[in-house]
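Please keep the structure open beside the text while you read.

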2 protein chains.
Amino acid sequence: MLQGTASVVFAFLFGLMAIGFVLWQIRNVLEEDTGNEKMQEIAAAIQEGASAFLNREYTYLAGFVVVVAIVIAAFLAWQTAVCFILGAVASAAAGYLGMYIAVRSNVRTAAAASRSLNDGLRVAFGSGTIMGMSVVAFSILGITVLYMIFGGNIDYITGFGFGASSIALFARVGGGIYTKAADVGADLVGKVEQGIPEDDPRNPAVIADNVGDNVGDVAGMGADLFESYSGSIIAAAALGATIATDSLAYIGLPFLVAGVGIISALVGTFLVKTEENAGQEELLATLRKAVWGASGLVLLLTAIVVPMSGLSFRFWFVILVGLVAGNAIAYFTEYYTSYTEAPTQSIAKASETGDATLIIQGLAVGMLSTVAPVLIVAVATLLSIWIGMTAGGGNMTSGLYAVALAGVGMLSTLGVTLATDAYGPVADNAGGIAEMSDLPDEVRDRTDALDSLGNTTAATGKGFAIGSAVLTALALMAAYVGVAQANNPEFTLNLLDPSMVPGILIGAMLPYLFAALTMTAVGKAAYEIVLEVRRQFREIPGLMEGTGQPDYKTCVGISTQSALREMIIPGALAVIVPLLVGFILGAEALAGLLIGAIASGFMLAVMMANAGGAWDNAKKWIETGQMGGKGSDAHKAAVVGDTVGDPFKDTSGPSLNILIKLMSIVSLVFASAFGSGILGL
Amino acid sequence: MLQGTASVVFAFLFGLMAIGFVLWQIRNVLEEDTGNEKMQEIAAAIQEGASAFLNREYTYLAGFVVVVAIVIAAFLAWQTAVCFILGAVASAAAGYLGMYIAVRSNVRTAAAASRSLNDGLRVAFGSGTIMGMSVVAFSILGITVLYMIFGGNIDYITGFGFGASSIALFARVGGGIYTKAADVGADLVGKVEQGIPEDDPRNPAVIADNVGDNVGDVAGMGADLFESYSGSIIAAAALGATIATDSLAYIGLPFLVAGVGIISALVGTFLVKTEENAGQEELLATLRKAVWGASGLVLLLTAIVVPMSGLSFRFWFVILVGLVAGNAIAYFTEYYTSYTEAPTQSIAKASETGDATLIIQGLAVGMLSTVAPVLIVAVATLLSIWIGMTAGGGNMTSGLYAVALAGVGMLSTLGVTLATDAYGPVADNAGGIAEMSDLPDEVRDRTDALDSLGNTTAATGKGFAIGSAVLTALALMAAYVGVAQANNPEFTLNLLDPSMVPGILIGAMLPYLFAALTMTAVGKAAYEIVLEVRRQFREIPGLMEGTGQPDYKTCVGISTQSALREMIIPGALAVIVPLLVGFILGAEALAGLLIGAIASGFMLAVMMANAGGAWDNAKKWIETGQMGGKGSDAHKAAVVGDTVGDPFKDTSGPSLNILIKLMSIVSLVFASAFGSGILGL
């Protein structure tokens, strides 16, 4: 039987295998042709910008990590601090590697697309698999190594999740502010004031803009899912550890599922192949085959390992629930944001009566799109708890454990689902490089086909990100409650406890505060970039004529610095408010805060992400010639919607995923330190 | 000592006194000069429109009330059904009377304003006091009479709150859709297509538009607060009835507070007086004097009646907490939506970079404006529970009772606070009549001064409406839990019960679904009015030349019919979903649903109401000459913001107040019928 350490070693070995795959795939991608000199020059500028961003970001983060690690060591345990640091480093390393490869694959994808669509797909998707598999590998290796070092003490290992969450918040919020600020800054001065086209190399902010795509969609999404992946495993293990009988079996199962998930995802990546002259339909079909093939294999392999764990076979159904729920949420995300479907078309049609009705319709579609994910998560939670309780002999903790396990199941194929998502910005960048290097039109057509496919798979990725964030946050909250109860026998979770309702209300408010702060931050950061781009056009001789060299690095530095500065307050809130509420109002109020924040944040995240995606695609639908096409009044209205949607879908919305997970894990890490609050309620 | 029936009789007598005041005030207002023939003609058209709306609405509602009453009688008790019918009738009667007077005071206010500002204020405010005092009187008389008839059985009397809630939902949602649909329909065809000015009597929808102001701001707000007022008293009495010792004292106290509140509000209305040449400042000061004077008197009188109830004097502090919280929320509502303050000005300034940034900034301000009300309600709830528990010997129910009592305290001066709010649309209408009848400019200036004052006091009214809705809903939820626990000893409220989390998530989603449905309903209803107005311009000979008579009544009928039709689905959801969840998932899940809906609905309601108000006033600020003034690009962007804000602040946002109260009272009324759900979780 594989239990406890044996399961951990099992997962560790698959993690090593994933590392091997990543190294092999890196060699494959880097060996690809890098195109002509012009292409290499542009790519070098993007690479330099990406390095500038990462270096600055990690300088900031190193300070943050050290301070928090000292606080953890002082108030909790040095072991937890070590885990915290390792979680931060592992998440940062996966993000660094993903970005490093993405900004080198873009030019190689452009070159490969000059030969054929299939070659372009192979290179871009290869880059995506490096991101996907390294996220999975770094997470599983980090957790398993710490488990072995600290003799299976899960309390310490929660620090790993906290570290990963902190990096994720910075990557998502800072990255989200960065990408939108650079985008707006580049457009406002370049296109509007100077009258030069988009992606023009004379624009000092153009590289920041291109770097931004990678920052948000590769590093941001990667860190987000790194956190969910780690968090769901840690939450399951932590809950498993509190089950008196068979606790080693309960701890082991999530590792077994993660382990067979890795091999399934690996097999999935090899299913991506197309005929030479494949159309859009076939491209989508091959990516779906990869994801569904991996999911099928996970179900097959878990049917073998669940019995090996010594637990009831019923837990296999929990994994099934998680996988089905993830795919169902992804389906509805696509339904609400794809321009072939009614909701997005209704937004485009509302442009007939102007900007205002388009905005109203977009908000209404966003709000309406919360219904399906909520019902799916509600049913998945209900089923998981029910199966878990019956499988664990009526034990409520085993029911909550099952919620965490459903999250592990949902994310088990992350290696390949994230790959189908992370390859999108590579194709997007490849298109920009093709455009700037005057490659033949057919190359741009091919990268456009890949990019458009990437938009569809990105919707899938967002669905998984939101669904897994909610399940993980719920599981972490349950783990927090377990620890709080163990520390204080008087801890009750009665909804009508004096401090519970205030906690819930404050929790429900935090996502709104967080979204308001991040939305206004984009505006402030964009304004600083506008000033710098204006300065360069004014002070650098020959810049407009193409004889002077724009200072890309300063723009990148300013975007980075202002983005990181602007995210300090929202980021600090996410860590400090749970601690304040826990210490002042007590552990019960904090539980209320968490459930309030999860419920409210879930709605707001789905609403913002889907409204933003739908506005974007409503604009694209009009650009295909509908409603008067480009340049019509309808199109102008759609551009307004798209601009409102930018911070919705790329900054505030996705950051809320992290907010709810980070607050949950902060509470879990510090759970043993809270009492009934200094007010003694 | 005044306990139980004695307190109820006490409140009943003050209710009778309020009826006397209302009758006297009606005579005063109707005796006022009705102006010249032209003015009377326009006023008659608005009166006819209002009757058409009310007749159609009450025909619809009568059917609804009969069906629900039969269901209640069949599943619960005929006595509850009787209470339900009386609650519906009382709320409808107060709304009818308020509207009846408002559409007769508008022309009299215009005539009085021809003489002096003070006369205009006297007539308009007199109309407001009729609305305010009749809401209070009808509510208290209804509840007290039922209490005496049914021998103090509070279970039956909850039906009164249910009836009032149902009418409130129709009045708010139907009225909100009506007023915005008529507004948009009149503008689109009249101003844009036919090029005739606003408020032009040739426009067939102009009367519907003017009727709409009264429908939303008089009847809608009145029904909303009728429900909160009734709900808080019923919730306090219901919770009081479950406290074993001194239950008659607990039941009596809310009636005592309501009784002395009526006399305090009456005294307050007599404090409204100005010097002949009063400026805006003095007008505001006199209204504030009325509200604060009434509040001070309530505190004084409750300091006498609380000891008379036989309960601890500490409950007086709960009333203080309620009054302070109401005024504090009102202060912040005004801060976030007044154009003399930074938040609204920041929205106006965002118009510099176009429509999109103005929308983003407005949404950000709306989200940010949730922070203060949440903290105020959280602190008020915490303090109320804490005081209530210590006053009731550590009993948790007496803590929750105190939350309801804080709501009663907050609304105790409703007679005068509602008056300062409900006079606004009368002044608004008076301005329209002055304009259409070519009265001298100075008359319009005076009505504008009154109207602008009304906008400030409307913010106060909205603050009270939201704050009291949350406290009332929380108290009703607590009462529901009490009944559910009494019926099922196994009922626990553990946050991690299997069905609790799904319940919370579904609850948090409902306000989003509800807001999405009501927002899109406005668009659909407006479209039908556009078709009818176009038809009349096409088919009625001489309409454009002023020789043909437009068919106002058909427009009014269509707005009414489409508004009422569009609100069936959202309205049905509010009643059916809690019942479905209660019967399928069980009483615990329903408790989760209620808290989820209250938390999420509170945020969304504040966000939508304040964003809408701030956009409106940002436009008004620009119209004072800021940012380029009327006709500038900034102004155009502000018009877009204002249009997006219309359904936010007048339809969806305020309806959410009712949604959370209605779902809570439905749950309370049917509480004894729910078990552990057919799933047996």
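**Notes on the model**

1. Let us start with one residue. V669(A) is found in helix α20 of chain A; helices (H or I, at least four residues) and strands (E, at least two) are DSSP runs, numbered from the N terminus. With 30 C-beta neighbours inside 10 Å, V669(A) counts as buried. The classes work like this: a residue is buried if 20 or more other C-beta atoms lie within 10 Å of its own, exposed if 12 or fewer, and partly exposed in between, with C-beta atoms placed from the backbone. Leaving aside neighbours within four places in sequence, V669(A) is in contact with L76(A), T80(A), T158(A), G159(A) and F162(A), where contact means C-beta atoms, placed from the backbone, within 7 Å.

2. A word on reading the model. This is a predicted model, in which local features need pLDDT of at least 70 and side-chain atom pairs count only at pLDDT 80 or more, while totals for chains, interfaces and linings use all residues. Residues are numbered from 1 along each chain as its sequence is written, and chains are lettered from A and ligands numbered from 1 in the order in which they are written.

3. How confident is the predictor? Chain A has a mean pLDDT of 89, and 99% of its residues reach 70 or more; pLDDT is the predictor's confidence in each residue, from 0 to 100. Among the elements of chain A, helix α1 (residues 5-30) has the highest mean pLDDT (95) and helix α17 (residues 552-566) the lowest (84). The model scores ipTM 0.93 and pTM 0.93.

4. Now the overall build. Chain A holds 20 helices and 0 strands. Its radius of gyration is 24 Å, close to the 26 Å that the globule rule gives for 681 residues, so chain A is as compact as a globular protein of that length. (The radius is taken over C-alpha atoms, and the rule is 2.2 Å times the number of residues to the power 0.38.) Along the principal axes, the C-alpha atoms of chain A fill a box of roughly 75 × 55 × 45 Å.

5. Buried residues make up 70% of the 681 residues in chain A. Among contacts in chain A between residues at least 6 apart in sequence, 85% join residues at least 24 apart. The largest nonpolar core has 585 residues, and A475(A) and A475(B) touch the most other members; such a core is a set of buried Ala, Val, Leu, Ile, Met, Phe, Trp, Tyr and Cys residues joined through C-beta atoms within 7 Å. Beyond its neighbours within four places in sequence, A475(B) has contacts that include S232(B), L239(B), L400(B) and G407(B).

6. How many residues does each chain give to the contact between them? Chain A gives 58 residues and chain B gives 58 residues. α16(A) gives the most to the side of chain A that touches chain B, with 14 residues. That side divides into 46 nonpolar, 11 polar and 1 charged; here Ala, Val, Leu, Ile, Met, Phe, Trp, Tyr, Cys and Pro count as nonpolar, Asp, Glu, Lys and Arg as charged, and the others, Gly among them, as polar.

7. The two chains are related by symmetry. A rotation of 180° with 0.0 Å of shift along its axis superposes chain A on chain B, with an RMSD of 0.0 Å. That is the relation of a two-fold axis. Copies are superposed by least squares on the C-alpha atoms of residues with pLDDT of at least 70 in both. Of the residues of chain A, N494(A) comes closest to the rotation axis, at 2.4 Å (C-alpha). Since 100% of the interface residues of chain A are also interface residues in chain B, the copies meet through the same surface.

8. Finally, two loop residues of chain B. Most residues other than glycine have a negative phi. D438(B), in the loop between α14 (414-436) and α15 (441-487), has a positive phi near 55°, and D438(B) is exposed, with 10 other C-beta atoms within 10 Å. M627(B) also has a positive phi, of about 55°, and sits in the loop between α19 (587-623) and α20 (633-669). With 21 C-beta neighbours inside 10 Å, M627(B) counts as buried.

Notes. Two residues are in contact if their C-beta atoms, placed from the backbone, lie within 7 Å.
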